[in-house]
Every structure is written in C-alpha cells, then in structure tokens.
Amino acid sequence: MTAKNKTEVWLRGPLDDVPALLQPVAQALLQAREELHELMAGFADQLLWQKVAGMASPGFHLQHLTGVLNRLFTYARGEALTAEQLDYLSSEGKVAENTTTADMVKLFDKEVDKAIAQLKTTDEKTLKQERGVGRAQLPSTVIGLYVHAAEHTMRHLGQLLVTVKVLKNNS
C-alpha cells in the first residue's frame, strides 16, 4: 500500500463492473499488486535469485505469483493448460538471466489486469460449475478456483515479503 492511500482495497468500496460475489477476489488481487509494488520498489536485481535459509528466492515467488494466477484462471474458464503455460510452470524457480525485478513486477501486473477483466465477464450463475484442475482433473468449481487464486497470491506475497526484508537487511 502506498503512503498516499492507506485504506486497504476492500475498504474503498465496490469495484466497477465486478460481480458482487467476486468483489473480494478482485480486491485481494489489487491489494496484492499494491503491496508488491511497495515491497519491490528499489529491490536490487542481483538479489532476485538469492535464498534465505534454503527458502524460495524472490525471483521464484514473482514467477509463481504470475504463473499461478494464469493457470487458475485458465482452469476457471474450463480450459486445459497450453504448452506455453506448462513451459512457464517448469521454469518457475529457475534463474532467468537478464530479467529484472521491474520486468517481473510488470508481468504480474499484466496477469492481475487479465484476471480482473475475466472476473468482470464472469456470470455469477457459473460460480458453482465444476472445473477440473491439472492433469488429474482434481475437482473444484469456478468460485473455488477464483478464491484459491486470491488466497494463494496473498500467501506467496507474505512469503516474498519476509524473504525480501531479510535480504535487504543482510545486504
């Protein structure tokens, strides 16, 4: 959250064109984006792939935040992952040479924008529809995938926050 706007997204009122039942999902994703921008501002690119106590690197978390949103929203549409999405998944956590923190934040921003656009076009009547997840087609629903996307994003943002703060403190 920026110093300019200390009110969390969920307390700013409803988002235009987002169905009522999906407001919390959209608000959580926008909150994550704001917090990510504040956290990663000025973060040194040479620290992107550093690990703290064997935990995942900031680079992994940034890749994963983007990738998981993309994949979960794909499943919510009832689609299978593409070869490109599977390639991205397999690259998560691998050092991406010449990739900057700013590049990774921009990719996350684009994915949040796509997710919000999808939420805006989601008919609330479809939220209980079953959706399969992964190769095993594990059972979920449209609403389950959206809520998990928001929850998973915030979970990894929290892990990223701790890792980044420790790395900044140690450097």
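Helices α1 and α2 pack at an angle of about 165 degrees, and their axes lie 13 Å apart. Axes are lines fitted to C-alpha atoms, for helices over the stretch in contact, and angles run from 0 to 180 degrees between N-to-C directions. The structure is a predicted model, in which local features need pLDDT of at least 70 and side-chain atom pairs count only at pLDDT 80 or more, while totals for chains, interfaces and linings use all residues. Residues are numbered from 1 along each chain as its sequence is written, and side-chain values use heavy atoms, with hydrogens and water left out. Helices are DSSP runs (H or I, at least four residues), numbered from the N terminus.

α1 and α2 are therefore roughly antiparallel to each other (angles over 145 degrees count as roughly antiparallel, under 35 as roughly parallel). α1 passes α2 in a left-handed crossing, that is, the near helix is turned anticlockwise from the far one by less than a right angle. L29, L36 and M40 of α1 meet L62, L65, L69 and F73 of α2, where contact means heavy atoms within 4.5 Å. By class, this contact of α1 with α2 has 7 nonpolar, no polar and no charged residues. Ala, Val, Leu, Ile, Met, Phe, Trp, Tyr, Cys and Pro count as nonpolar, Asp, Glu, Lys and Arg as charged, and the others, Gly among them, as polar.

The buried residues of α1 include V25, L29, L30, L36, L39 and M40, buried meaning under 20% relative accessible area with a 1.4 Å probe, protein chains only. The buried residues of α1 pack against α2, α4 and α5. α1 is followed by G42, which has a positive phi near 75 degrees.

Helix α2 (residues 58-76) also packs with helix α4 (residues 101-120), at an angle of about 20 degrees and with axes 9 Å apart. That makes α2 roughly parallel to α4. The crossing of α2 past α4 is left-handed. Among the residues making the contact are L62, L65, L69 and F73 of α2 and M104, F108, V112 and A115 of α4. The residues of the contact of α2 with α4 divide into 11 nonpolar, 5 polar and 2 charged.

In α4, the buried residues include M104, F108, V112 and A115, as well as D109 and E111. What covers the buried residues of α4 includes α1 (23-40), α2 and α5 (142-170).

Terms used: Helix = DSSP H or I, 4+ residues; strand = E, 2+ residues; numbered from the N terminus. Parallel < 35°, antiparallel > 145°, perpendicular 65-115°, else oblique. Buried < 20%, exposed > 50% of the residue type's maximum accessible area, 1.4 Å probe, protein only.
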